[in-house]
Amino acid sequence: MVSEAAPAAVLPAETRAAIEREIAKYPQRRGALLPALHLVQAERGFISREQARALAEIFEIRPIEVMEVVSFYNMFYDRPQGRHHVYVCTNLPCSLRGARQLLGALESHLGVKPGETTKDGRITLGHEECLGACAYAPMLRVDETYYENLDVEQARQIVDRLA
Amino acid sequence: MGLEAPYVTGYLSEHFAEGDYGTLDGYIARGGYEAAKRALTQLTPTQVVDEVKASGLQGRGGAGFPTGQKWSFMPAGRDKPKYLVCNADESEPGSFKDRLLMERAPHLMLEGILIGAFGTGAEKTFVYVRGEYAESARRVQRAIDQATARGLFGANILGTGFRHDVMLMRGAGAYICGEETGLLESLEGKKGQPRKKPPFPAQYGAFGMPTTVNNVETFCHVPHILRRGAAWFKGIGTDKSPGNTIFGVSGHVARPGLYELPLGTKLDTILFEHAGGVPGGRKVKGVIPGGMSMPILPAGMLDVPMANEFLRERKTMLGTGGIMVMDETTCMVRVGCVISYFFRDESCGQCTQCREGTGWMHKVLNRIERGAGNPDDVDLLLDVAGKMEGTTICAFSDAAAWPIQGLLRHFRADFDAHVKLGRCPFPESFAL
C-alpha cells in the first residue's frame, strides 16, 4: 500500500525549494522535471512512489506521468539501489579491449550479476552502453566518476575502496 | 579527471594541453571572445549567419547539415521567444570528442553559442549535457557562471543591448535524446521520444518556440570562422567538406585517442600514420568510420578520404567521426550482437518497425553466434533490416539497420560459416 503521508513529509523543504528554483529557470513548469528527479533521487538513491506523487503535485501532472519518465531514463531508479553504482561499459570499443572479462571478474569478486546489489547493500553492479571513454577502455563508472584504462586488478581495488 | 588532449592538434585543440585554457582568463588571454565581440559590435545578425553560410561549416553531430543554412531557417522578428539548444548529449558509441571539448574548452563552445544566439536572435540557450558526463557538466556550468559574471551573458552584453542567457540541463541516460526532437521532449520534462517532422524545430521547437539545435563541436568551429573568415575555413578540408574535425580512434589500435585533422584525411593515414596501426603485428579486418550507426568498411577500402562525398561512394558516412578498428581475430557476428543489443536497448519504442525490428535482429544474431542459426537466418536479417529503413518517425531505426547491413555486405562469409559449422569459428575473437 502507498502511504498517505503528506507531500511535505515526503519531500523536505530544502528539496522543494531547490525544485522551485529549477522551475523558475524554464519557460514552462514541467521543463524542470528531470532536474527535480535528479534532486529527489539524490536523497535516497531512487524515486519512491510517494516521492513521485509529491512531484506530480508540484508539476501539476499525474503520478504515472512522473513514473513513465523515471522508467524511460537509465539513470533514474524506481527501487532501492546499492550505496554505489559500479558500471562497466560493454559497448563495442570497450568490448574489443576486454570489457567483458573485466565485468566477469567483478561479478565473481562481488558475487553478484549485473543488475544485482551486494548483500551488504554496498554496490549495485551493472553494465552500461557507451560512456564516451572509447579510447581509454576498458573503464568503469563509479557513481559520477570515470576510471579508465583499467586492468582487472585495478578494477577490484577500486570497488574494494568503496565504503 | 579530465580527458587527455588530442595526439594531433589543430585550430580547435591547439591550446588544450594548457590547463588554464578552460578558465575564462586563460581563454581570453589567447584571443577568446574577440570573435563574439566583433560579431556583436561590428556585424549585423544577417552578416553573422552569412559568414557561417559562406564558410560551408557542416554540423558535427552526425547528420552533417549546413550550419549557416540551419540558422537561416529561424524566423525573423521578435514576436515570440527564440531558443538555441547545444546538443551535448554525445552518446554515439565510438564518439568522445564533445566530452573533450566541454572539459578542455568550455568557453570556446560558449563563445560559439553567443555568436549563434546573436545571429539567430535567440534569447536563451539550453545546453543539454548527457547525464553520465558529470565532469563535463561541472566544467561547463563553471564556465557559464564565469562568463555571466563577466557580462558575456545576461542583459546588455558588451553594452550592445543584446540579451542572452545560457543554462545547462543534465539528461538522465537515453541515447535517443541525441536526436534533436527527442532532446526537445526531454528538455520539456518528458520521455525522449522523437517528434514527427514537420513541423521542424525552427518553427516549433523547445516549448513550442522557434529553436535551433547544434552539436558541441559545431559551436566550437564558429568563433574560429568569425575570427579568421569564411575563406580561411573553406581552405581547409575538401571542397564539399571544409574544416577540421576531431576524430576519435578506438578498438584495436596502438594509440587510441583523439586526432584533430582536416576532413578528407584518408582513413588509412589516420589509422597507420597517426594511431600506430594494429598492435601485435595483426592485420585490420574492418573499420567503422563514423560511430556505431555507420556501416563498416573492410580492410580493402581504407584508402577513403574521411568526408561524406567519398564515404557515401562506399555506402557509409562520416557520422560523428568515431573510428572503431577491428583486427583479424574479430568475429563480425559478435560485432553484430553488440551493435544490435545497443539498438534494442535504446529504441524508444514508439514505432513498431524499430521496437520489434531491433529485438528481432538481436535475437537472430545471437542465435547465429551460438551456432543455432538456420540456413535462412542471414536472409531474414537482411529482410528485417530492409523493413526498418525509412519507415519510422526518426533516423534511429535506419541507424540500427545500416550497420547490420554493412556487416552482411562485407562479411557475409563470417555469418554463413557460423550457420554451416554450427559454432563460432573465431576462437580468438573478443569475448561477448
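Author: A definition to start us off: two residues are in contact when their C-beta atoms, placed from the backbone, lie within 7 Å. Everything below concerns a predicted model.

Reader: Thanks! How many residues of chain B are in contact with chain A?
Author: Let's take the two sides in turn. Chain A brings 34 residues to this meeting. On the side of chain B, the number in contact with chain A is 47.

Reader: Which element gives the largest share of the side of chain B that touches chain A?
Author: Several elements of chain B each supply at least two residues of that side, among them β3 (165–170), α8 (180–187) and β5 (244–251). The largest share is 6 residues, and these come from α13(B).

Reader: By class, how many residues on the side of chain B that touches chain A are nonpolar?
Author: Let's go through the classes. Charged residues number 9 and polar ones 14. The nonpolar residues number 24.

Reader: Is T90(A) buried or exposed?
Author: T90(A) sits in the loop between β1 (84–89) and α6 (92–95) of chain A. A residue needs 20 or more other C-beta atoms within 10 Å to fall in the buried class. T90(A) has 23 of them, so it is buried.

Reader: How far apart in space are T90(A) and E128(A)?
Author: In sequence, T90(A) and E128(A) are 38 residues apart. Beyond its neighbours within four places in sequence, T90(A) is in contact with residues including R100(A), L103(A) and H127(A). From C-alpha to C-alpha, T90(A) and E128(A) are apart by 6.2 Å.

Reader: Over in chain B, are α2(B) and α9(B) roughly parallel or roughly perpendicular?
Author: Helix α2 (residues 34–42) and helix α9 (residues 216–228) of chain B have axes 8 Å apart, at an angle of about 65 degrees. Angles of 65 to 115 degrees fall in one class. Therefore α2(B) and α9(B) are roughly perpendicular.

Reader: Which residues in α9(B) does α2(B) meet?
Author: The crossing of α2(B) past α9(B) is left-handed. By class, their contact has 5 nonpolar, no polar and 3 charged residues. From α2(B) come E34(B), A35(B), A36(B), R38(B) and A39(B), and they meet P223(B), L226(B) and R227(B).

Reader: What radius of gyration does chain B have?
Author: Chain B holds 16 helices and 9 strands, and its C-alpha atoms fill a box of roughly 75 × 45 × 40 Å along the principal axes. Buried residues make up 58% of its 432 residues. A compact globule with 432 residues would have a radius of gyration near 22 Å, so chain B agrees with its value of 22 Å.

Key. Residues are numbered from 1 along each chain as its sequence is written. Chains are lettered from A and ligands numbered from 1 in the order in which they are written. This is a predicted model: local features need pLDDT of at least 70, side-chain atom pairs count only at pLDDT 80 or more; totals for chains, interfaces and linings use all residues. Helices (H or I, at least four residues) and strands (E, at least two) are DSSP runs, numbered from the N terminus. A residue is buried if 20 or more other C-beta atoms lie within 10 Å of its own, exposed if 12 or fewer, and partly exposed in between; C-beta atoms are placed from the backbone. Ala, Val, Leu, Ile, Met, Phe, Trp, Tyr, Cys and Pro count as nonpolar, Asp, Glu, Lys and Arg as charged, and the others, Gly among them, as polar. Axes are lines fitted to C-alpha atoms, for helices over the stretch in contact, and angles run from 0 to 180 degrees between N-to-C directions. Angles under 35 degrees count as roughly parallel, over 145 as roughly antiparallel, 65 to 115 as roughly perpendicular and the rest as oblique. A crossing is left-handed if the near helix is turned anticlockwise from the far one by less than a right angle, and right-handed if clockwise. The radius of gyration is taken over C-alpha atoms; the globule rule is 2.2 Å times the number of residues to the power 0.38.
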